[in-house]
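The sequence and the structure come first, and the commentary follows.

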Amino acid sequence: MNAFQFKAAPIPFLLHSLSSPSSDLKLNHLSGQIPDEIGDCSSLNTLDLSFNNIYGDIPFSISKLKQLEILILKNNQLIGPIPSTLSQLPNLKILDLAQNKLSGEIPRLIYWNEVLQYMGLRGNQLEGSLSQDMCQLAGLWYFDVRNNSLTGTIPETISNCTSFQVLCPLKDKKLLPDIAALIEFRSVRG
């Protein structure tokens, strides 16, 4: 389905049209919550609902979308925690939840996704610290957690990560990176 312009269309109205593998519904003035029935759209491999007026929690039923490779929900009004069940999406390569109002900690299980390449979480209300497990994401090349309420330090194991190309926790004043290690990391990656 291509991006159609719906004026304040409720999401449940559109569920019947999510039978194609790729659903790009960004910038469509969609409003409402993502219904639990989204998990019944089993053939989805791409779901982009970015830049709409979607609010509420991310439903746990999204974890039923085993073919899902791309999940983009950025620039909405989503609240609550990031569901740890997103780690049950074996093909998820791109996860972009930036610019919402998500809270809580980044689920540790998400760091064990073997195919995740892009994780955009900037501009939320996430708390806690970055887990040492983040370097288990062997294929991750983009990681952005700026403008959250994260504290602590960037894990020392970051130097073991070989695939990072863009690492963006660095402008968050509550994270305390070791600048010497950061410079060494950038020079090795550069």
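This is a predicted model: local features need pLDDT of at least 70, side-chain atom pairs count only at pLDDT 80 or more; totals for chains, interfaces and linings use all residues.

## An aromatic cluster

Tyr118 has a relative accessibility of 18%, and because the cut-off for a buried residue is under 20%, Tyr118 counts as buried. Tyr142 is itself buried, with a relative accessible area of 12%.

By the ring-pairing rule, the count of aromatic pairs comes to three. One of them joins Tyr118 to Trp141, where the ring centres are 6.0 Å apart and the planes stand at 70°, so the pair is edge-to-face. Since Tyr118 lies in strand E9 (residues 118-120) and Trp141 in the loop between E10 and E11, this pair ties together parts that are 23 residues apart in sequence. Trp141, at 31% relative accessibility, counts as partly exposed. Taken together, Tyr118, Trp141 and Tyr142 form one aromatic cluster.

## The nonpolar core

In soluble globular proteins, nonpolar side chains tend to be buried together. Here the largest nonpolar core has 43 residues, and those with the most contacts inside it are Met119 and Phe143. When residues up to four places away in sequence are not counted, Phe143 touches Tyr111, Met119, Leu130, Met134, Phe164, Val166, Leu167 and Cys168.

## A buried serine in a loop

Where does Ser131 lie in the chain? Ser131 is placed in the loop between strand E10 (125-128) and strand E11 (142-144), and with 10% relative accessibility it counts as buried. A polar atom of the Ser131 side chain lies 2.9 Å from the backbone nitrogen of Asp133. Leaving aside neighbours within four places in sequence, Ser131 is in contact with Arg108, Tyr111 and Pro155. Tyr111 is also among the residues that Phe143 touches.

## Two loop residues with positive phi

Most residues other than glycine have a negative phi. Asn75 has a positive value, with phi near 55°, and is found in the loop between strand E5 (70-72) and strand E6 (77-80). The relative accessible area of Asn75 is 25%, which means that this residue is partly exposed.

Gln99 likewise has a positive phi, near 55°. Its place is in the loop between strand E7 (94-96) and strand E8 (101-104), and at 31% relative accessibility Gln99 counts as partly exposed.

## The chain as a whole

The secondary structure of the protein chain comes to two helices and 13 strands. Of the 190 residues in the chain, 47% are buried. Among contacts with a separation of 6 or more, 43% are accounted for by residues 24 or more positions apart. The accessible surface of the chain comes to about 9,400 Å², and 53% of this area belongs to carbon and sulfur atoms.

Technical notes. Residues are numbered from 1 along each chain as its sequence is written. Side-chain values use heavy atoms; hydrogens and water are left out. A nonpolar core is a set of buried Ala, Val, Leu, Ile, Met, Phe, Trp, Tyr and Cys residues joined through side-chain atoms within 4.5 Å. Buried means under 20% relative accessible area, exposed over 50%, partly exposed in between (1.4 Å probe, protein chains only). Contact means heavy atoms within 4.5 Å. Helices (H or I, at least four residues) and strands (E, at least two) are DSSP runs, numbered from the N terminus. A polar contact is a pair of N or O atoms within 3.5 Å; within protein, one must be able to donate a hydrogen and the other to accept it, and residues adjacent in sequence count only if both atoms are side-chain atoms. Accessible areas come from the Shrake-Rupley method with a 1.4 Å probe; for residues, only the protein chains shown count as cover. Rings of Phe, Tyr and Trp (its six-membered ring) pair if their centres lie within 6.5 Å; planes under 30 degrees apart count as stacked, over 60 as edge-to-face and the rest as tilted.
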